[in-house]
Amino acid sequence: MALPDPDDACDAEDVAATSCALDRFSETADVRSLIASLPEIYPDGTATESAMERFVAIMDRYQEQPHLLDPHLEWMVNMLLELNRSEKTPAPAVHLGCKFLYVISKVRGYKVFMRLFPHEVSDVQPVLDLLCEQDPNDVTTWQTRYVLLLWLSMTCLIPFDLSRLDGDLSREPIMDRIFTVAKSYLKVGDKCRDAASVLVSKFVTRPDVKQKRLGDFLDWSLTTITLTSDLTMQGTFLLDGILQSLAQLFKRGKRDDVLQYAPTVMKCLDQRQLSENKQAVLRKLGVKLVQRLGLTFLKPRLAKWRYQRGSRSLTLNLSQSQSSKPVEALTPAEDTEVEDEAYDIPEEVENVIEQLLIGLKDKETTVRWSAAKGIGRVTGRLPKELADEVVGSVLDCFSFHETVNAWHGGCLALAELGRRGLLLPSRLFDVVPLIVKALTYDEKRGTCSVGSDVRDAACYVCWAFARAYEPNELKPFVTRIASAIVITAVFDRDINCRKAASVSGTFPHGIDILTAADYFAVANLNNCYLSISVYIAGFPEYTRPMIDHLVTMKINHWAGAIRDLAAKALHNLTAKDPDYMSATVLPQLLPKATAKDLHTRHGAILACAEITHALSKLSAENTDTLYIALQFISILCLDDICVCSDCVCVCLIADWQWLIDDTLKSLHMFSSSTSQDIRGAAVSALATLCEEYYQSQPGVADIQMQGEYFLVNQYTDMLTSTEVLTRASAALALGSLPKFIINNKLQQVAWNQIHVTLYTGSTGTVIIKNFKERRSSDTCVKRSYLLSFPLRVCKSAGVCARGSPDCVLCAGNVGGVYTVLLDCMDDYTTDSRGDVGAGVRAAALSSLMEVTLLVAGTSPEIQRTMCCATQQAAEKIDRFRAHAGAVLLQLLHSREPAVPHIPQKEELLSIFPPAGYLDWKAASQAFPHITQLLRLQCYQYHALLGLTVSVGGLTESTVRHSSQSLFEYLKGIQHDEGALVQFGDTLLRIFRDHLHNDRVSVPLLKMLDQMLANNSFALFAAKDNHPFCVDLLALCKEEIKKSRDILKLQSCIAVIMQPRISSWQIRKAAASQLYETLLTYDDVIDPAVLDDVMTLLSDTNWSVESGLETVRTYRNQLCDWLELPRPKLLAKVQ
């Protein structure tokens, strides 16, 4: 069972605003117009569908408050029935009206809805005839059949013998026709089966029908139940219909009429063994029928021994409430026992109760719920002693060896018994402890747990008890019940259980608690644990029970999020009872910190840490708390520590340091999903440890505690480890050291050893130490964490333009920081996951921004930083484009501090004004602004480089918007030769810089193809041997030299139109491209050979994989016609 996400909790104000907003039916005019328009719109399918959707939308608003429809149901039903009663109404209009009627019945319920049908003698024959005309297999008109069956069941209530309606003796009697129709619809697979069962129960129990047909129907039903297989769908439908009919029949029929058949039906059910059936619906109907049989065996009576809270008379209750006498619970009369003893209980009742008790343990909730209601109904007709035995059997469901289903069914049964007054107060001493256990029932199953339905049902029991018993009866148990309910409402991991508990009962300080922990406030799990719990713990009755529950039930929970929240809750609750926490709770948690169960150990460690931290904040001089905390640390360090006043701090600090160092060195042994959290916790602990214990006075390191250069040397040595995770951990650890630790050691920390991790080089140049490791995808992920190291060191050391390079970030060493970070902007490592180097670039860009803002007054690399941000903001990945855009705007618009020396800042501000909003993730918004940077010489190269990857990419939306923006810019400079030449030179420079770099060259070729197709360089093409065209052709030839990359070759062919690549795909693509070009530009070759060239290109099979000599012959012929030299084969060099 997944842990609910606290962020998904509903907003309390929104829910409260809409939950009870309806106070009347306000769409009367709309509904009248819709119903009145049905005769006109039924031929139009579109109008019919629209009207139906509108009507459903209106009625669905009243699903939770259907009683608001009651004053309007009559006129709605009458208007719709006029369509059915009129002989002139076409069949489609009748079906449409019945669909509207079904929607009403679905919202209000068929029991209330069917009372509105007219049931006069004149209605029997027309309704029956119309029903007989329907096709039971038509799936589009089942609503019509459903409504007609309900209508026919109401017409069966006429007080006249049906034989009087048989006017035409040649026709089958109406009684037989109704009986045949009802039986036929018991086996259908739609909702009509339910209506047919209602029809059967009303029809067969008529005085004139029961004499002739009741026995026959029961014989047919029992025979069908015995012989029908439930392994087929049709068999399941038939059994469902018959069981529904029998249950309705024994519910509606008079006891004297059906009692003689009850033992036979019960015997048939025993033989069928429905409780073992695989179909849940059949098991549910079996339980429903069994309880109806049990009620038939027992005489209808109201048990006088039951517990009654006050009087059942409203007048008496009101008169007693106005008098001074309190309303007391009514006690059974003395003659009750005599009456109970004289009442004979049939033997079949024992079998009925046994079947219902079995149903309480069924695996389906619907079956258990039906069995619980049956237990309540049957017990209400039993004598006191037998009823007490039933209660005892229900309590057996709460045994430790019973399943979660039995616990849930037992809770439902207790709630029903209590609600009906059948659970006497003397039994509460046995029941309340079981309900308290059920409120915290949580059984682990594999990687999840079960029991939320048990806890929810236990809340229902508490709700029922609070309304069934007088306060004096519950007074001995109110503290236990109230504490359990409050704990469930606040700490249960299931949102439904928390909501159920919040409305379950009355308890001390109930108004105040319910105000804070109402139905909507408990929807947020974090709010429950961290806020509501603190408020409720302010009431002494709940403080220690809540703390004990967290310690015993939550810190060892299987869900890590619950353990974490429980520890934080204990931290918040410590202030409510610090003595209890230090004297009782912490000693209980210490042994659990070394338990074999990992969940218990983890939760105990978290809880001990949180409680110790809370106690330390409450009293810094609490020696008892310090002693317990030292014991806790000694257990964690797995070392026997002498806890004496002189040496305890030194020993503990050494063990703390060992624990942190060992964790950082062992991270490569953990999974990647957990190592990051462990590393973060260790680095955070190191920083706190240094601040608290490693300085003799403020700002001065304590040499006695850490030794000369102890920490710095240790972590810089770890930077040379062969494990990337160890190096990353050491870098983060160095970055977390406070200023007084790294004072006078900044060169050692940052500018010498950082190159051991990422680079090596003794001269000023940056050289990659290990190219394969540098470019591995896993290493890239680790490097993204390493890149926060220079920033951490810079922030720790501080900034001073003329300071010492060994103490602060200054003009003498800031260049090295920029060199490291700017080099990481070229990391484009890819693997099966895609561009994994993007994380490195994003981390580097963030660090560049932070460092630039730190040294805003003397920033030496602001131009390169802005150019890198521009390039990343023009690339194809949306989230990284948004990150780069945010960095670009932050540097541009920063005022405190303002970043000086930004190249062409005024032009940038005109493109990106401070007051404007730009959604960088939306390609349609970002690229129109990016292409404006192409007119700025300083940013043109990097903007075009980023656009190249986007225009030549694969994502359709990115390609469309980026190319559209680029071509808009090119269109604007078509007549500006200087700007076009500058753009062309920049494009060629990008091509030269990235030759044989497929990440750039392939998208560049695709972009060039689009540019040439759009005549973007028509100004150059008009001149013979223009340098741009010559250089472009040379670069294309160089790019595809010795290349076997089909995608690259195809892209290059689209640019240079060279049809002579050996691969058949390339030959075919080249021939097709040349054919299309000649169709467009038919004046480039001699018209005398044009037809021959086109015929040869179209008819030749260029995709043949063999017979290269034949293909070469065709190629040579093309060269002759086009007056081109024939290509010559070069001899292979041995």
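Of the protein's 1134 residues, 49% count as buried. The model is predicted. It contains 60 helices and 8 strands. The accessible surface comes to about 54500 Å², and 52% of that area belongs to carbon and sulfur atoms. Now take the contacts with a separation of 6 or more: residues 24 or more positions apart account for 70% of them.

Start inside, with T958. This residue lies in helix α52, which spans residues 956-972. T958 has a relative accessible area of 3%, so it is buried, the limit being under 20%. What does T958 touch, leaving aside residues up to four places away in sequence? Its contacts are K876, D878, A923, F927 and S950.

Next, the charge pairs. Side chains of opposite charge can pair when their charged atoms come close. The structure holds 32 salt bridges. One of them links E416 and R420, with the closest N and O atoms 3.3 Å apart. E416 counts as buried because its relative accessibility is 1%. R420 is partly exposed, with a relative accessible area of 29%.

Another salt bridge joins D430 to R427, and here too the closest N and O atoms are 3.3 Å apart. D430 has a relative accessible area of 40% and is therefore partly exposed. R427, at 17% relative accessibility, counts as buried. This pair belongs to a network: salt bridges that share partners join D388, R427 and D430. A further bridge runs between E1038 and K1041, its closest N and O atoms 3.3 Å apart. E1038 is partly exposed, at a relative accessible area of 32%.

K111, K251, R252, K284 and K288 form a positive patch. Which elements give two or more residues to the positive patch? They are α13 (233-252) and α16 (280-297). K284 has its place in helix α16. Its relative accessibility is 32%, so K284 counts as partly exposed.

E350 lies in helix α19, residues 348-359.

How values were computed: Residues are numbered from 1 along each chain as its sequence is written. This is a predicted model: local features need pLDDT of at least 70, side-chain atom pairs count only at pLDDT 80 or more; totals for chains, interfaces and linings use all residues. Side-chain values use heavy atoms; hydrogens and water are left out. Patches are made of residues with over 30% relative accessible area and no salt bridge: like charges are joined within 9 Å, nonpolar side chains (Val, Leu, Ile, Met, Phe, Trp, Tyr) within 5 Å. Accessible areas come from the Shrake-Rupley method with a 1.4 Å probe; for residues, only the protein chains shown count as cover. A salt bridge is a side-chain nitrogen of Lys or Arg within 4 Å of a carboxyl oxygen of Asp or Glu. Lys and Arg count as positive and Asp and Glu as negative; His and the chain ends are not counted. The place of a charge is taken as NZ of Lys, CZ of Arg, CG of Asp or CD of Glu. Helices (H or I, at least four residues) and strands (E, at least two) are DSSP runs, numbered from the N terminus. Buried means under 20% relative accessible area, exposed over 50%, partly exposed in between (1.4 Å probe, protein chains only). Contact means heavy atoms within 4.5 Å.
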